[in-house]
Amino acid sequence: MLLRWLFAALHLLALGIGLGAVWARARALGGPLDDAGLRRVFAADTFWGLAAVLWITTGLARLFSTMEKGTAYYVANHAFWTKMALLGLVLALEVWPAVTLVRWRRQLARGEAPDTARAPAFATISTVQALLVVGMVLAATAMARGIGMLGR
């Protein structure tokens, strides 16, 4: 019971961390990208990444263990598949910004100035990801209440 509660709590905390982080990253990418601005981008990006790891690990544990409703419940629910599709979109959208931000970090570590011309595009992607995460919340709350069950 305690483990079930802990994983559910961590899964929800990751939501708050992730939503705040991706929104903060979008705002930072839209601002001046001097040293302080880049530090804000990287800090928000780090929290976004930590939230993703926490979401995915707790989500997989809840999906494949016996601590929650069980795998059969989830895979028989349209809301679950909607949530997974939204997560897939978030992850697919993340590839380009993630690769580029790693490159920017490496360039700064070598004392080079990164080319931040794509920052506005990454800000837009981050904003879209924030909206997709809100969609995931809607799907998750529907799923938790049995909305979307196949055959209903």
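Leu19 counts as partly exposed because its relative accessibility is 28%, where buried means under 20% relative accessible area, exposed over 50% and partly exposed in between, with a 1.4 Å probe and protein chains only. What we have here is a predicted model, in which local features need pLDDT of at least 70 and side-chain atom pairs count only at pLDDT 80 or more, while totals for chains, interfaces and linings use all residues. Residues are numbered from 1 along each chain as its sequence is written, and side-chain values use heavy atoms, with hydrogens and water left out.

Leu19 is found in helix α1, helices being DSSP runs of H or I with at least four residues, numbered from the N terminus. Leaving out residues up to four places away in sequence, Leu19 touches Trp55, Ala130, Val133 and Val134, a contact being heavy atoms within 4.5 Å. From Leu19 to Gly31 there are 12 residues in sequence and 19 Å in space, C-alpha to C-alpha.

Leu13 also lies in helix α1, and with a relative accessible area of 52% Leu13 is exposed. Its C-alpha atom is separated by 8.3 Å from that of Ala51, which is 38 residues away along the chain.

Let me turn to the helix pair. The axes of α1 (residues 2–29) and α5 (residues 119–144) come within 8 Å and cross at roughly 155 degrees, the axes being lines fitted to C-alpha atoms over the stretch in contact and the angles running from 0 to 180 degrees between N-to-C directions. That makes α1 roughly antiparallel to α5, a label for angles over 145 degrees, with under 35 counting as roughly parallel, 65 to 115 as roughly perpendicular and the rest as oblique. Residues that make the contact include Leu15, Leu19 and Trp23 of α1 and Phe122, Ala130 and Val137 of α5.

Finally, the cores. The largest nonpolar core has 12 residues, among them Ala14, Trp48, Leu86 and Met136, a core being a set of buried Ala, Val, Leu, Ile, Met, Phe, Trp, Tyr and Cys residues joined through side-chain atoms within 4.5 Å. Two or more residues of this core come from each of α1, α2 (35–64), α4 (78–109) and α5, and α5 gives the most, with four. Apart from this core lies another, of 11 residues, including Val41, Leu101, Trp104 and Ala123. Ala14, leaving aside its neighbours within four places in sequence, is in contact with Ala51, Leu54 and Trp55.
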